[in-house]
Amino acid sequence: MTAFVLVSGGYTGGWIWREVAALLRERGHTPLPVTLTGMGDRRHLAGPDTDLETHIEDIVQVLDHEDVRDAVLVGHCYGLLPVLGAADRRVDRVGSLVYLDTGMPRDGDAGVDVMPDPAVRDRLLGRATQCGGGRFLPPPPLEDEAVWGDLTGVAPADRVRMERLAAPQPLGTLTRPLRLTGAAAALPSTGVFCTANGPGIAVLEALLATGDPRYAVLAEPRVGYFELETGHYPMLSRPGELTDVLIRAAAGEGRRLG
C-alpha cells in the first residue's frame, strides 16, 4: 500500500482528483488529495500573507498528520512548487516525486519565473492588479488555454465543473521564490508528459544530445518518464491511465534516458 499525496495546479483543488483517488483506493492504496489554502473549498481561508510557503506548509501538515512514510508526492503544474518545498522539509516521509505535466523549478524560482511565455506572465500579473486588488489572480475563462493549458479529453460536464469551482490564486503563491536546501535532490523522480499539451520525451533526448551538462540530471538512473496522449488535465480526461502511471511510477518503472 502506497500513500499518494496529490497536489493540483492553479485555480483548482483536491476535488479535481476525485476519480483518480477512487481508483487508487480500489487498488489498495491511500490517496491524499490536497486542497491548498485559498483554493477549492478552502478559498475563504486566503489572506494577505498567503504565499508559496503557506502551500508548502499545507503539504507538510498532511505528511505529518497522516504519519506517512515513503509517500509519492504528485505535483501537477503549479502544484509541483509546493510539492518540492514539502519534500525538501520532510524528505524522511517521501519515497519519490512525480512531475505531472510541469516544468523543473529550481531553488530561487517563483511560479511566475517558470512560465514559458513572458507575455502570458505579464498578462497574468496585470490581471491581478486590475481585477484582483494586487493580491489575487482571478481565474480566466476556460477558453484561455494559454493559462489553463490544453483541455483535450476533458468532458463537457467536467469543463463546467472546472469553471464553477475555479478559485482565485493568491498572488503570493506565484511570486514568492521556492527555497530548497537540496535535501530531496536524490529522491527517485518520474516525469509524466501530456503530449496534447506540449512536447514529450523526444525533447529531453534532444537536450541530452547537445551534451550540455545542465541536462545530465535528465538521464540519471533515478529518473523515469511516461507519456500520456491527452491534454493538461489527465486526472479528468484519462483517470484510469493516470492511475496506472502513478502506481507504476511508485514501483520504479518508467522509461530511462541515456
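Me: A salt bridge is a side-chain nitrogen of Lys or Arg within 4 Å of a carboxyl oxygen of Asp or Glu. Which residues are linked in a network of salt bridges here?

Reply: The model is a predicted one. In it, D64, D67, R69, R90 and R93 are linked in such a network. By the same rule, the count comes to 16 salt bridges.

Me: What makes R93 and D67 a salt bridge?

Reply: Their side chains meet at 3.0 Å, N to O. The cut-off is 4 Å, so the pair counts as a salt bridge. R93 sits in the loop between α3 and β4 (94-100), and D67 in the loop between α2 and β3 (71-76). The two residues are 26 apart, and the pair links distant parts of the chain.

Me: Why are R89 and E53 called partly exposed?

Reply: Partly exposed covers the range between the buried limit of 20% and the exposed limit of 50%. R89 has 29% relative accessibility, and E53 has 22%. Both values fall in that range, so both residues are partly exposed.

Me: What makes E220 and R222 a salt bridge?

Reply: The side chains of E220 and R222 meet at 2.7 Å, N to O. This is within 4 Å, so the pair qualifies. E220 is partly exposed at 31% relative accessible area, and R222 is partly exposed at 22%.

Me: Why is α3 called largely enclosed by the rest of the structure?

Reply: Nine of its 10 residues are buried, so α3 is largely enclosed. The buried residues are L80, L81, P82, V83, L84, G85, A86, A87 and D88. Their cover includes β1 (3-7), α2, β3 and β4.

Me: How many disulfides does a search of the whole structure find?

Reply: The search finds zero disulfides. For C77, the nearest cysteine sulfur is that of C194, 10 Å away. For C194, in turn, the nearest cysteine sulfur is that of C77.

Me: How do you know that the radius of gyration agrees with that of a compact globule?

Reply: With 258 residues, a compact globule would have a radius of gyration near 18 Å. The protein has 17 Å, which agrees. Its C-alpha atoms fill a box of roughly 45 × 40 × 40 Å along the principal axes. Buried residues make up 50% of the 258 residues.

Me: What does the secondary structure of the protein come to?

Reply: It comes to 10 helices and eight strands. Among contacts between residues at least 6 apart in sequence, 75% join residues at least 24 apart.

Key:
Residues numbered from 1 in each chain as written. Predicted model: local features only at pLDDT ≥ 70, side-chain atom pairs only at ≥ 80, totals over all residues. Heavy atoms only, no water. Disulfide = S-S within 2.5 Å. Buried < 20%, exposed > 50% of the residue type's maximum accessible area, 1.4 Å probe, protein only. Helix = DSSP H or I, 4+ residues; strand = E, 2+ residues; numbered from the N terminus. Contact = heavy atoms within 4.5 Å. Rg over C-alpha atoms; globule rule 2.2 N^0.38 Å.
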